[in-house]
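Dear colleague,

My notes on it follow directly after.

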Amino acid sequence: MKIDVTELMNHRSNAIRFDYTFDPRHTDVECVELPSDVNIPDDGIRITGEAVDTLGCMMWKAHVSVSYRTACARCLDEIDAVLEFDMERMILTERLFGDDHLSDEDEWDGETEDVLYVNEARIIPDGDVIEEISLELPAFVLCSEDCPGLCPRCGKPLRDGDCGCKEEKQINPKFAILQKLLENQE
Ligand SMILES: [Zn+2]
Ligand SMILES: [Zn+2]
């Protein structure tokens, strides 16, 4: 999504609101790949917020909400999950970057990754949003906190009840020794 910041740059407005959804597969910006087990529907990413001008400093501030489908890390059931976070970027025009104090490389603190550059009076935050999503996504998701997972023998979900596999209590010999030592201490 291209956000027109002309009004902001011309000081005709000090806030441009936006509220849109986008499909990461059909965006025209280059961006990082999201994990293949994360399925985001066409309108799964919603971005709301505003581009503001605060005393000559332009900022893009947004709340990102991602609805996605993934698999439970224990039982592999499909689950719908939601990821929400806030993000913000400084908006810089190249003119500002060239003429301002930032032109001196020594004074620039190098935090260019938190910057959106204006191109033809527009900013395109989608690549940054996808990168942030890839960082914010949890490493794994569970269908429920106490998901019992799958039977290690037959692979059936333990939640569905007795799968018929006998649970044999095999104690690793090393642990048996430990167990004895503990018992002797008591
Ligand atoms: Zn599960
Ligand atoms: Zn089983």
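Asp 43 lies in the loop between E2 and E3, where helices (H or I, at least four residues) and strands (E, at least two) are DSSP runs, numbered from the N terminus. At 51% relative accessibility, Asp 43 counts as exposed; buried means under 20% relative accessible area, exposed over 50%, and partly exposed in between (1.4 Å probe, protein chains only). Asp 43 and Ser 67 are separated by 24 residues in sequence, and their C-alpha atoms are 8.6 Å apart in space.

The conventions are as follows. This is a predicted model, in which local features need pLDDT of at least 70, side-chain atom pairs count only at pLDDT 80 or more, and totals for chains, interfaces and linings use all residues. Residues are numbered from 1 along each chain as its sequence is written, chains are lettered from A and ligands numbered from 1 in the order in which they are written, and side-chain values use heavy atoms, with hydrogens and water left out.

The chain has 4 helices and 7 strands, which run β-α-β-β-β-β-α-β-β-α-α from the N terminus on. Of its 186 residues, 32% count as buried. Taking contact to mean heavy atoms within 4.5 Å, residues 24 or more positions apart account for 61% of the contacts with a separation of 6 or more.

The sheet

Five strands form an open sheet in the order E2-E3-E4-E5-E6, with mixed pairing; two strands pair if DSSP finds at least two bridges between them. Strand E2 (15–22) and strand E6 (115–117) stand at the edges with a single partner strand each, so one side of each is left without a neighbour in the sheet. On average, neighbouring strands are turned by 30° against each other, direction ignored. Axes here are lines fitted to C-alpha atoms, for helices over the stretch in contact, and angles run from 0 to 180 degrees between N-to-C directions.

E2 and strand E3 (residues 45–54) run antiparallel and are joined by 8 bridges, with Ile 45 in E3 as the bridge partner of Phe 22. E3 and E4 are likewise antiparallel, with 10 bridges, and Ala 51 has Trp 60 in E4 as its bridge partner. The hairpin of E3 and E4 has 2 residues between the strands, and Leu 55 takes a positive phi near 50° there. E4 and E5 pair in the antiparallel sense over 14 bridges; Asp 80 in E5 is the bridge partner of Arg 69. In their hairpin, which has 6 residues between the strands, Leu 76 in the turn has a positive phi of about 65°.

The helix across the sheet and the core

H3 lies across E2, E3, strand E4 (57–71), strand E5 (78–92) and E6, running at about 130° to E5. The buried residues of H3 include Val 129, Ile 130 and Ile 133, and their cover includes E2, E3, E4, E5 and E6.

A nonpolar core is a set of buried Ala, Val, Leu, Ile, Met, Phe, Trp, Tyr and Cys residues joined through side-chain atoms within 4.5 Å. The largest has 36 residues, of which Ile 45, Ile 47, Trp 60, Tyr 68, Val 129 and Ile 133 touch the most other members. E2, E3, E4, E5 and H3 each supply at least two residues of this core.

The zinc sites

Donors are N, O and S atoms within 2.8 Å of the metal (3.2 Å for Na, K and Ca); water is not among the atoms, so sites may look incomplete. Four donors count as tetrahedral if all angles lie between 85 and 135 degrees.

For the zinc ion (ligand 2), Cys 151 (SG), Cys 154 (SG), Cys 163 (SG) and Cys 165 (SG) are the protein donors, lying 2.2 to 2.4 Å away. This site is tetrahedral too, with angles of 107 to 112° among the 4 donor atoms, and the spacing is C-x2-C-x8-C-x1-C. Cys 151 and Cys 165 both lie in the loop between helix H3 (126–136) and helix H4 (173–185), so the pair ties together parts that are 14 residues apart in sequence. Cys 151 counts as buried at 7% relative accessibility, whereas Cys 165, at 27%, counts as partly exposed.

Yours sincerely

Methods: Four donors count as tetrahedral if all angles lie between 85 and 135 degrees; four count as square planar and six as octahedral if opposite donors are over 155 degrees apart and all others between 65 and 115; anything else is irregular.
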